[in-house]
Amino acid sequence: MYAKELMLLNEDQSKSEVVKLLEEFDQDFHSPKVDELRETFPRYVALYTKFIFQPNIAVRGINPSLFSCRKADDLNEEKEVRRVTSLKGLHNINAYIEYPEPLYHHYLVKDIEKITSKDFIRQNLMGWNDCFIQSPKQGGMNFLESKAKSIDKKNKNSFCIDLINKSKLIANKFEYLTRPKLLIYAGRDAALQARWDDRDSLNKMKKQVKKTIWGGKAIAVKHFSYPCSKRSEEIISALNI
């Protein structure tokens, strides 16, 4: 479905379409066509929260890091697998709150709780990433794409990059299916996927509140993995415009 078609769906229809997209991605991720990619990147997470139709806030990041610790050296594989598995398909977990170890989760909750509450975050905030495939290192998205291209080049196909691009396409569709009042892009790379020019710096992006075709607003902020004293102010300013 195209964007305009997705926007015609009601809540139940939108939810059903999200389920369909998640099931398709799960099948593609576990396809033998991308076995080599899964050897290095064995996990993915699509939704960080429950499905919310027309949420007050939606946060869109770049791609998942770890869910059980802050540093890869501290990884507990069993705990990580358990948490990632809990976030498969549609679920009722708010990973930002329930899995607080990652810095991204810590600062997101800290900054948005300043202007709302944890209950607001649970009930009115939805989150996902541009790419669902987990690459738990700094610069992880670049590493993921580089590895995918290398595998595809060796095998003379585009299966791995196609999977990454499908994830990005689904991430875009989630916007039109949920239609948030405020859409927050976490970091310049996330913002580049949708609404800003690739020549724009993050500082320039932060000064531009974009309008969405469903009547909401979109802003770019510094990535939530890093502290930012002005991020809460930027979010509340956009909410009040």
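**Close-up views of a predicted model**

View 1. Across the whole structure, which is a predicted model, a search finds zero disulfides. Cys 160 takes part in none, and the nearest cysteine sulfur, which belongs to Cys 131, is 12 Å away. Cys 160 is buried, having a relative accessible area of 1%, and Cys 228 also counts as buried, at 17% relative accessibility.

**View 2. The largest nonpolar core.** This core has 44 residues, of which Phe 25, Leu 37, Phe 132, Ile 133, Leu 144, Ile 164 and Phe 174 touch the most other members. Several elements each supply at least two of its residues, among them helix H2 (11–29), helix H8 (140–155), helix H9 (159–178) and strand S3 (182–186). The largest share, eight residues, comes from H9.

**View 3. The surroundings of Phe 132.** Leaving aside residues up to four places away in sequence, Phe 132 touches Phe 25, Tyr 44, Val 45, Ala 46, Pro 64, Ser 167, Ile 170, Ala 171 and Phe 174.

View 4. Five strands, in the order S2-S1-S3-S5-S4, form an open sheet with mixed pairing, and its edge strands, S2 and strand S4 (210–211), each pair on one side only. S4 and S5 run antiparallel and are joined by two bridges, with Lys 211 standing opposite Lys 217 in S5. Helix H6 (residues 103–113) packs on the sheet, where H6 touches strand S1 (57–61), S2 and S3, and its direction makes about 155° with that of S1. Helix H12 (residues 231–240) lies across S1, S3 and S5, and runs at about 170° to S5.

Conventions
Residues numbered from 1 in each chain as written. Predicted model: local features only at pLDDT ≥ 70, side-chain atom pairs only at ≥ 80, totals over all residues. Heavy atoms only, no water. Disulfide = S-S within 2.5 Å. Buried < 20%, exposed > 50% of the residue type's maximum accessible area, 1.4 Å probe, protein only. Core = buried A, V, L, I, M, F, W, Y, C linked by side-chain atoms within 4.5 Å. Helix = DSSP H or I, 4+ residues; strand = E, 2+ residues; numbered from the N terminus. Contact = heavy atoms within 4.5 Å. Pairing = 2+ DSSP bridges. Axes fitted to C-alpha atoms, helices over the stretch in contact; angles between N-to-C directions.
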